[in-house]
Amino acid sequence: MSERRILGPLARRSFLSRMGAGAAAFGAALGAGSWVQAQSAPNSTAAANPWKPVLHPEDNWFDQPTAKHRFFLDTTSPEAFAQALLFARNFYRGNANGYGLADADVAQIICARHRSTVFAFNDAMWAKYGATLSERANGFVDPKTKQAPTINVYMAAGSGAAAGAGEEPAGGAPLEALLKRGVRLAVCSLATRGAATAIAQKSGAKVDDVFKELTEHLVPNGRMVPAGIVAVSRAQEHGYTFSYVTG
């Protein structure tokens, strides 16, 4: 009588694994080239139709036809805003000294959102709501008076260096000088409404009325955007290089 061996589950799995490995090796020897080519072939639909962002008419302001280079500086705090003013000035200087470019050859946008939004409002708003705007900016104080500002200090000559924006530019106040050279501000609508809400709670005014007042009293070249973080995205879709500025 012949001997019969009964394979257990572990032995059967091992046997089947060896069979699978052998079949794979056999298949590789016969048609490996065809298999690899099929697996690695690019998606023809994706290659022919690469993804592109949808450009909206509301974002046409990002375009500056004369600009050869586009730069977007994102700020969320008073310290970051001051640094962005310094970096924007250096960007002009570096392009002029290193490449012979004029200001019109460069498009620069500083995003004022979160705690830096308040620096997009003009002196009239700081004179009226300075205490609340100071609170919204992490308790920012006028470097000269050490009190809540009654002016936008970056629009005042002599305040820039003390507030951390670097040496005072030849054109006077750091923000004012940059705005005259073509720098634009993207101002967060959501943070502005937050400031309006805080002001309304203290004054008894209507939030919508204060919000309207703030949006009508921006510094020159300031533009309201639906949200600062949206502007961060849209700017890059319009060809801007991006820098997140920290304090």
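Student: Which residues of helix 5 are buried?

Tutor: First, some ground rules: this is a predicted model, where local features need pLDDT of at least 70, side-chain atom pairs count only at pLDDT 80 or more, and totals for chains, interfaces and linings use all residues. Residues are numbered from 1 along each chain as its sequence is written, and side-chain values use heavy atoms, leaving out hydrogens and water. Buried means under 20% relative accessible area, exposed is over 50% and partly exposed lies in between (1.4 Å probe, protein chains only). In helix 5, the buried residues are Pro-174, Leu-175, Ala-177, Leu-178 and Leu-179.

Student: How many helices and strands does the protein chain have?

Tutor: Walk along from the N terminus and you read α-α-β-α-β-α-α-β-α-α-β-α-β. The tally is eight helices and five strands.

Student: What percentage of the residues of the protein chain count as buried?

Tutor: The accessible surface comes to about 13800 Å², 57% of it belonging to carbon and sulfur atoms. That area comes from the Shrake-Rupley method with a 1.4 Å probe. Out of 247 residues, the buried share is 39%.

Student: Is helix 3 parallel, perpendicular or oblique to helix 5?

Tutor: Helix 3 and helix 5 pack at about 40 degrees, with axes 10 Å apart. Axes are lines fitted to C-alpha atoms, for helices over the stretch in contact, and angles run from 0 to 180 degrees between N-to-C directions. Under 35 degrees is roughly parallel, over 145 roughly antiparallel, 65 to 115 roughly perpendicular, and the rest oblique. The angle therefore makes helix 3, relative to helix 5, oblique.

Student: How many nonpolar, polar and charged residues are in the contact of helix 3 with helix 5?

Tutor: Contact means heavy atoms within 4.5 Å, and here it is made by Phe-81, Leu-85, Ala-88, Arg-89 and Tyr-92 of helix 3 with Pro-174, Leu-175, Leu-178 and Arg-181 of helix 5. Ala, Val, Leu, Ile, Met, Phe, Trp, Tyr, Cys and Pro count as nonpolar, Asp, Glu, Lys and Arg as charged, and the others, Gly among them, as polar. By class, that gives seven nonpolar, no polar and two charged residues.

Student: Is the crossing of helix 4 and helix 6 left-handed or right-handed?

Tutor: Helix 4 (residues 123-136) and helix 6 (residues 189-203) pack at about 130 degrees, their axes 10 Å apart. A crossing is left-handed if the near helix is turned anticlockwise from the far one by less than a right angle, and right-handed if clockwise. For helix 4 and helix 6 the crossing is right-handed.

Student: Which residues of helix 6 make the contact with helix 4?

Tutor: Helix 4 brings Tyr-129, Thr-132, Leu-133, Glu-135 and Arg-136. By class, the contact has six nonpolar, two polar and three charged residues. From helix 6 come Ala-191, Gly-194, Ala-195, Ala-198, Ile-199 and Lys-202.

Student: With which residues is Arg-193 in contact, leaving aside its neighbours within four places in sequence?

Tutor: Arg-193 sits in helix 6 and is partly exposed, at 33% relative accessible area. Its C-alpha atom is 9.2 Å from that of Lys-212, 19 residues apart along the chain. Beyond those sequence neighbours, Arg-193 touches Val-207, Asp-208 and Phe-211.

Student: Does Asp-59 count as buried or exposed?

Tutor: You'll find Asp-59 in the loop between helix 2 (44-48) and strand 1 (69-75). Leaving aside neighbours within four places in sequence, Asp-59 is in contact with Arg-234 and His-238. Its relative accessibility is 11%, so Asp-59 counts as buried.

Student: What is phi of Asn-138?

Tutor: Most residues other than glycine have a negative phi. Asn-138 lies in the loop between helix 4 and helix 5 (174-181), and at 53% relative accessibility Asn-138 is exposed. Asn-138 is not a glycine, yet its phi is positive, near 60 degrees.

Terms used
Helix = DSSP H or I, 4+ residues; strand = E, 2+ residues; numbered from the N terminus.
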